[in-house]
Amino acid sequence: MALKLEEFGVSGSDAESVCYLRDLADANRLVNVMQSSGGGNAVVIGGGYIGMECAASLVIGKINVTMVFPEAHCMARLFTPKIASFYEEFYRSKGVKFVKGTVLTSFDFDSNEKMTAVNLRDGTKLPADMVIVGIGIRPNTSLFEGQLTLEKGGIKVNGQMQSSNSSVYAVGDVATFPVKIFGETRRLEHVDSARKSARHAVAAIMEPEKTTEFDYLPFFYSRVFTLSWQFYGDCTGDVVHFGDFLGNSFGAYWVNKGHVVGSFLEGGTKEEYQAIAKITRLKPAIEDLSDLETQGLGFALTLSDKPEPSEAVVVSSGSGSTLVTEKPLHVWHATAGVILAASIAAFAYWYGRRRRRW
């Protein structure tokens, strides 16, 4: 459920022009308020997903936008300052204003109870015809307290999305599930995780004997204006930026304990996004961060093109010398299978002809 302004000591969040965005009813209401505020002023509270994506929609709807958030830059939980700077400058080019390092404290209304402005803790007063609040969520687990095991703010589940009561499954933002690639449980807030965990839970319920444990690679993405970015993995450790931050194609790797654990890319192709996803799951070892920076996206593209794990195969030349090659295991298995099948077929054919002679 969405966090309410009242939880931060701000009253008035039930005003007609104050909007949240957590369900279909909220979305319909937001559209109606936007349509009645054309050419007016909107204040977006929060610099995360909801704030950034709503701000873009408001600009497209010909509404003046100011974003207010307490952090030093937008998308602070994921973006580095350098990445955030690119998006903030892009938003500014669209007319968006940013007020950082402060929070909303109160609203101003006229004699007709129509909103006219918002007041911030630093003393700033901003004209406002509407306000969108995107300050986070709290999983609604109160119904299950004392009945199911809770962990990290959500309902703890196993790799089949089963809770401590095997008849109860949890998915989406409310589920704390094992993220195998990092060897720990996490609760993720994004539509991709919600969709895939739900699909896995259904499979586990319908065909439990055929369903393996959920093996999810954390994935976040957003598309605003002409921009489109994707992130895979974890944003911990050292950050290595690459690409053209003056253009629209750049990215970053996160390297923790000598291995790539996270990858970000703006303006990529389908193949490039697939490449950073693949190498994030592989978690390749990195010895030189400067070399990784030099290779940039090419590192992911090159590594993702390599064949699957292989083993050395010794082939005799018949003259005493040997040739050592590397082939993916599945290739040799398939080759051996074909040879075996052909041998059986040849034997069956020969045996059949012999029996007819007998």
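Over the face of which ring does Lys94 lie? Lys94 lies over the face of Phe225, at 5.6 Å from the ring centre; a charge counts as over a ring if NZ of Lys or CZ of Arg is within 6 Å of the ring centre and within 35 degrees of the ring normal. This is a predicted model, in which local features need pLDDT of at least 70 and side-chain atom pairs count only at pLDDT 80 or more, while totals for chains, interfaces and linings use all residues. Residues are numbered from 1 along each chain as its sequence is written, and side-chain values use heavy atoms, with hydrogens and water left out.

**Aromatic pairs**

- Rings of Phe, Tyr and Trp (its six-membered ring) pair if their centres lie within 6.5 Å, with planes under 30 degrees apart counted as stacked, over 60 as edge-to-face and the rest as tilted; the count by this rule is 24 aromatic pairs.
- The ring centres of Phe177 and Tyr216 are 6.2 Å apart and the planes stand at 75°, so this pair is edge-to-face.
- Phe177 belongs to strand β11 (residues 175–179) and Tyr216 to the loop between α4 (191–206) and β13 (219–224), so that the pair links distant parts of the chain, 39 residues apart. 
- Helices (H or I, at least four residues) and strands (E, at least two) are DSSP runs, numbered from the N terminus.
- Both Phe177 and Tyr216 are buried (under 20% relative accessible area; exposed is over 50%, partly exposed in between, with a 1.4 Å probe and protein chains only).

- Tyr49, Phe79, Phe86, Tyr87, Trp229, Phe245, Phe250 and Phe264 are linked into a cluster by ring pairs.
- Lys82 lies over the face of Phe245, at 4.6 Å from the ring centre.

**Ser304**

- Helix α7 (residues 297–305) contains Ser304, which is buried at a relative accessible area of 15%.
- Beyond its neighbours within four places in sequence, Ser304 is in contact (heavy atoms within 4.5 Å) with Ala275, Lys278 and Ile279.
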